[in-house]
Amino acid sequence: MFGLMQSQGLMISSILKHAARHHGSGEVVSRTHENTTHRYTWRDVEARSRRLVRVLQKLGIEAGDRVGTLAWNGYRHLEVYYAAPGMAAICHTINPRLHPDDVAYIVNHAADKVLFVDSSFASLITTIAPKIADTVKTVVMLTDADNMPEVTLAPGMTLACYDQIMDAADDDYVWPTFDENTASALCYTSGTTGRPRGVLYSHRSTWLHTYAITMPDLMGIRATSRVLPVVPMFHVNAWGSPYAAALTGAALVLPGRHMDGASLATLMNAERVDFTAGVPTVWLGLLQHLRTSGEKLTTVKRIVTGGSAAPPLLIEAFRDEYGIMLEHAWGMTELSPLGTFNAPKTGQAGLSRDAAGQHMLKQGRAAPGIDMKIVDGDGKELPWDGVAFGDLMVKGPWVASAYYGDEPGSTLTADGWFATGDVATIDADGFMEITDRSKDVIKSGGEWISSITLENIAVSHPDVAEAAVIAALHPKWDERPLLLVVAAPGRTIDPASVLAVYEGKVAKWWLPDEVVVVPELPHTATGKLLKTSLRTQYKDHYLKV
Ligand code: AMP
């Protein structure tokens, strides 16, 4: 017997309709490319998104078509976020920091018909235009007529100005309803190994993810919140914050391309931001700015950090020097992205300051809706004792079942689990801690050593700005840890003193055999350490000595 409740499809347009009708005067503030401040309301976002649908229709976009974006966090980008899925097309956000060949590959793989492009990427689009001309018919620059940049396209492609085509369109569109499993957005993984792969979200998965992340034990976003996503809208939908702000009626503050510490601090204070989210590199930049300028963050209460492990120093510095909690979240493109969040349970109430600090390093417990487990090499589940580490598997309604273009279910095990490629422990309270990417774990004499643990300890040394630990081949132990470090500004690194900080913190056999001081470390387009390139360069290091 079926229940007798209204059956309403979970449409992304109804998130926006809710914002416009129930939080109509809620603010959306953007720093523009020209460094001016643009302000409008959720009511305006909804009306302009309907207008944008009329523009998309004029450009030949139909249901199921991919609409690409190469853009920072800003209000015009937000309009594409809602207009494309609202008409059953797909908003395809592209990471402009990738190599131009990868950007062209992604555009062609997704077969984007139209690209919406920020002025910052005028030369990128000129570079790749000849490679994407078979696919992309129109490039729309996200600016006004006075600020149109120089762009050269390939024959057959048309250049347009966003504000001009918007001014010429009507906003008489009425949001349709259709199957909630319809694809809504597409985002490619950053591709540290092999070609980037597309993750195709649905209206339903986006709704459920949005509901979950706004909960108090996750991002805890509410109508009075003022939310600043530093994480780019081209990186897994800015972790869902553009949807979460609309659903709750929170103010959304979009920083554009201005993501250095000084610009962020100014914007956060001016716009009374209380909640922000981004990767550790951004918070290190902000911390450095606060320390050198003496500026304080007057309204920020919570910072969510994810994307890579937050070094203990960062968490301690924000807590002890600024009274701001840096909260650890874990996720991935394939998870929309949120999988876990480190919010305390009653069991954490009596922890000492040190133990609480240690606990904050964990990536957290499963979001409601997500299940997780760790398994050994044979797929056997490992105990939740905070010690055993194995491959992290997840399942849930906002976890990918296949990559774009592949058969549904093709990324899953026979019993429906998704292998994250991360290695983790889970403790008795259900808190997960990432110890490695499975490709990065060091296998020494048959035992596993966590590279992240060793990196976190290395950066606690005052002379070390950044550290990477990789598995280098070893004649006796198969692999041994090799530590690469970058000196903090104005400091010189003494390798012996770096090794001394490991004393008493890890088993002796975990100690890196050698410390190599390097001028800089390579990063991926999303700011993660690019260990594949370090391994290529250093994997034979111990074989040579
Ligand atoms: P992406 O799909 O680009 O968001 O990358 C996802 C990967 O980033 C995960 O599989 C993890 O390896 C890593 N990651 C994300 N969040 C964290 C975190 N809080 N701590 C450590 N690694 C993380």
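Which strands and which helix do the buried residues of H5 pack against? In this predicted model, they pack against strand S3 (66-70), helix H4 (100-110), strand S5 (112-117) and strand S6 (138-141).

**Helix H5**

Helix H5 covers residues 122-132, and its buried residues are Ala122, Leu124, Ile125, Ile128, Ala129 and Ile132. Viewed down the helix axis, the buried residues of H5 fall within an arc of 145°, so they line one face of the helix. Ser123 and Pro130 are exposed, and they sit on the face of H5 turned away from its buried side.

**Two helix pairs**

Two packed helices are described by the angle between their axes and the distance between the axes. The table gives these values for two pairs in the model.

| Helix pair | Axes come within | Crossing angle |
|---|---|---|
| H2 (residues 42-58) and H3 (residues 75-86) | 8 Å | roughly 65° |
| H7 (residues 203-213) and H8 (residues 241-248) | 9 Å | roughly 70° |

The crossing of H2 and H3 is right-handed. On the H2 side, the contact is made by Trp42, Val45, Arg48, Ser49, Leu52, Val53 and Leu56. On the H3 side, Tyr75, Leu78, Glu79, Val80, Tyr82, Ala83 and Ala84 take part. By type, the residues of the contact of H2 with H3 comprise 11 nonpolar, one polar and two charged.

The axes of H7 and H8 cross at roughly 70°. H7 and H8 are therefore roughly perpendicular to each other. Here Thr206, Trp207, Thr210, Tyr211 and Ile213 of H7 meet Tyr243, Ala244 and Leu247 of H8. The residues of this contact between H7 and H8 comprise six nonpolar, two polar and no charged.

**Two buried threonines**

Where does Thr305 lie? Thr305 is in strand S13, which spans residues 302-305. Thr305 has a relative accessible area of 0% and is buried. Not counting residues up to four places away in sequence, Thr305 touches Trp239, Gly278, Val279, Pro280, Trp283, Ala310, Leu326, Glu327, His328 and Ala329.

Thr143 is placed in the loop between S6 and strand S7 (158-161). With a relative accessible area of 1%, Thr143 is buried. Its contacts, leaving aside neighbours within four places in sequence, are Glu34, Arg76, Ser119, Met148, Pro149, Cys161, Tyr162 and Asp163. S6, at one end of this loop, is also one of the elements that the buried residues of H5 pack against.

**Backbone features in loops**

Most residues other than glycine have a negative phi, and most peptide bonds are trans. The residues below depart from these patterns.

Asn35 has a positive phi, near 65°. Asn35 lies in the loop between strand S1 (27-31) and strand S2 (37-41). Is Asn35 buried or partly exposed? Asn35 counts as partly exposed, at 42% relative accessibility.

Ala88 is in the loop between H3 and strand S4 (90-93). Ala88 is buried, because its relative accessible area of 11% is under 20%.

A cis peptide bond joins Ser336 and Pro337, with omega about 15°. Pro337 is found in the loop between strand S14 (325-331) and strand S15 (338-341).

Technical notes:
Residues numbered from 1 in each chain as written. Predicted model: local features only at pLDDT ≥ 70, side-chain atom pairs only at ≥ 80, totals over all residues. Heavy atoms only, no water. Buried < 20%, exposed > 50% of the residue type's maximum accessible area, 1.4 Å probe, protein only. Helix = DSSP H or I, 4+ residues; strand = E, 2+ residues; numbered from the N terminus. Arc of directions from axis to C-beta. Contact = heavy atoms within 4.5 Å. Axes fitted to C-alpha atoms, helices over the stretch in contact; angles between N-to-C directions. Left-handed = near helix turned anticlockwise from the far one by under 90°. Nonpolar A, V, L, I, M, F, W, Y, C, P; charged D, E, K, R; others polar. Parallel < 35°, antiparallel > 145°, perpendicular 65-115°, else oblique.
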